[in-house]
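I opened a new page for this structure today. I want to note what I looked up, one entry at a time.

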Amino acid sequence: MGGAMWGFVIAGLVLAVLTLAYVLRPLWRTRRVAGIAVIAGLTLATAMTYFAIGTPAALDPAQREMPRTLEDAIVKLEGELQRDPNQVEGWRLLARAYIAQGNAAKASDALARAVKLAPDDPDLLAEGAEMRALAAPERRFDAEGVAMLRHAIELQPMHQRARWFLGIAQRQASQPAEAARTWEPLLSVVDAAAAAPLRAQIDAARAEAGLSPLPAATAASQSPAQGGLKVKVSIAPELAAKIPPNATLFVIARQAGGPPMPVAVEKLPAAGFPREVVLDDSDSPMPTMKLSQLEAVDVLARISASGDAMPKSGDLEAKAKPSKTSGAIDLVIDSVRP
């Protein structure tokens, strides 16, 4: 089955899930596993509709019967993948169906096939590592799962699921200090509702490692520090009209020549250009790495239509410029991320 065919299948699955997520809300709240099974069964049936009507085999009346159960849909999908095993989304879909059945071992095997086909997909790597842990007798991440998570983070340093799972794996391996360091950058990208429990987990890991808790997230600690780096952000005239409605401006400083995680970041509405931002220690997402601790940083700015902290194609950008950690710097947003 070609890529265009799988695109149709996945589009059908998304439509079904969106519809069913509304219809089955009470079931999801009260019996989550049952809800997953129903959604998986019906969305797989949606996929099989395409197999039944979108290929020449549909001319055979025996091929036009819709799968009546999740098990029937799985059998059909297994058969399709046996005929054409090079379909990443097919293996991924099959893994989710196996999970709906409660069969983590088969789901792990299916995702392993998908990862072999797409070894540089961070989402798939995180999903595959999670499934290996679910299939393990003690729900522990093994060496291969940890390697997958590390590779996902190499590809996408702020991948939330990969960082969360890697931190869990590190705590399982009696490496609480490493777990805390892995989780701390997530505080800059999660919402307020998730930040509090995440901070509690980080503090628990730090306590295990004999470290003090993170500084309290109080209003006083969030007030601007003395000095700091003043960043003036402008936008090129030819891009001013391309700012999406309700877009978000990120102004970021990161360690010069170091990892891509920010040492200071501000998130603002993308409006009112040119505008000035002061980056200081209060903007650090990692309490263990402050802007004032560094002599030099790379500073960049990005306008995101989605408001997502991770860069995406189509974002408007100012290329990174080196700077000292105090004083002033001008950035011009003059390019579109490919």
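**Entry 1: the model**

I note first that this is a predicted model. I keep that in mind for each entry.

**Entry 2: aromatic rings**

How many aromatic pairs does the structure hold? I find 2 aromatic pairs.

I took F141 and F165 to begin with. Their ring centres are 5.8 Å apart, and their planes stand at 35 degrees. Planes under 30 degrees apart would count as stacked and planes over 60 as edge-to-face. The F141 and F165 planes are at 35 degrees, so I call this pair tilted.

Where do the two residues of this pair sit? F141 is in the loop between α7 (122–135) and α8 (143–155). F165 is in helix α9, which covers residues 160–172. The pair links distant parts of the chain, 24 residues apart. I also checked burial: F141 is buried, and F165 is buried too.

Then I turned to W164 and W183, which form an aromatic pair that is stacked. I read 4.8 Å from centre to centre and 25 degrees between the planes. W164 lies in helix α9, while W183 lies in helix α10 (residues 176–183). The pair therefore ties together parts that are 19 residues apart in sequence.

Are these two tryptophans buried or exposed? W164 has 31% relative accessibility, so I put it down as partly exposed. W183 has 1%, so I put it down as buried.

**Entry 3: salt bridges**

Next I looked at charged side chains. Side chains of opposite charge can pair when their charged atoms come close. I count 13 salt bridges here. I followed three of them.

R96 forms a salt bridge with E127. Their closest N and O atoms are 3.1 Å apart. R96 sits in helix α5 (residues 88–101) and E127 in helix α7, 31 residues apart. I noted that this pair links distant parts of the chain. R96 is partly exposed, with a relative accessible area of 45%. E127 is buried, at 8%.

R161 forms a salt bridge with E130. Here the closest N and O atoms are 2.3 Å apart. R161 lies in helix α9 and E130 in helix α7, so this pair joins parts that are 31 residues apart in sequence. R161 is partly exposed at 36% relative accessibility. E130 is partly exposed at 21%.

R132 forms a salt bridge with E144, and I read 3.4 Å between their closest N and O atoms. R132 is in helix α7 and E144 is in helix α8, 12 residues apart. R132 has a relative accessible area of 24% and is partly exposed. E144 has 46% and is partly exposed.

**Entry 4: L124**

L124 lies in helix α7. Its relative accessible area is 0%, so L124 is buried. I left aside its neighbours within four places in sequence. L124 is then in contact with V88, R92, L111, A114, V115 and A118.

**Entry 5: D283**

Where is D283? I found D283 in the loop between β4 (275–279) and β5 (296–304). D283 is buried, with a relative accessible area of 12%. Leaving aside neighbours within four places in sequence, I listed its contacts as V263, A264, V265, E266 and V278.

Conventions: Residues are numbered from 1 along each chain as its sequence is written. This is a predicted model: local features need pLDDT of at least 70, side-chain atom pairs count only at pLDDT 80 or more; totals for chains, interfaces and linings use all residues. Side-chain values use heavy atoms; hydrogens and water are left out. Rings of Phe, Tyr and Trp (its six-membered ring) pair if their centres lie within 6.5 Å; planes under 30 degrees apart count as stacked, over 60 as edge-to-face and the rest as tilted. Helices (H or I, at least four residues) and strands (E, at least two) are DSSP runs, numbered from the N terminus. Buried means under 20% relative accessible area, exposed over 50%, partly exposed in between (1.4 Å probe, protein chains only). A salt bridge is a side-chain nitrogen of Lys or Arg within 4 Å of a carboxyl oxygen of Asp or Glu. Contact means heavy atoms within 4.5 Å.
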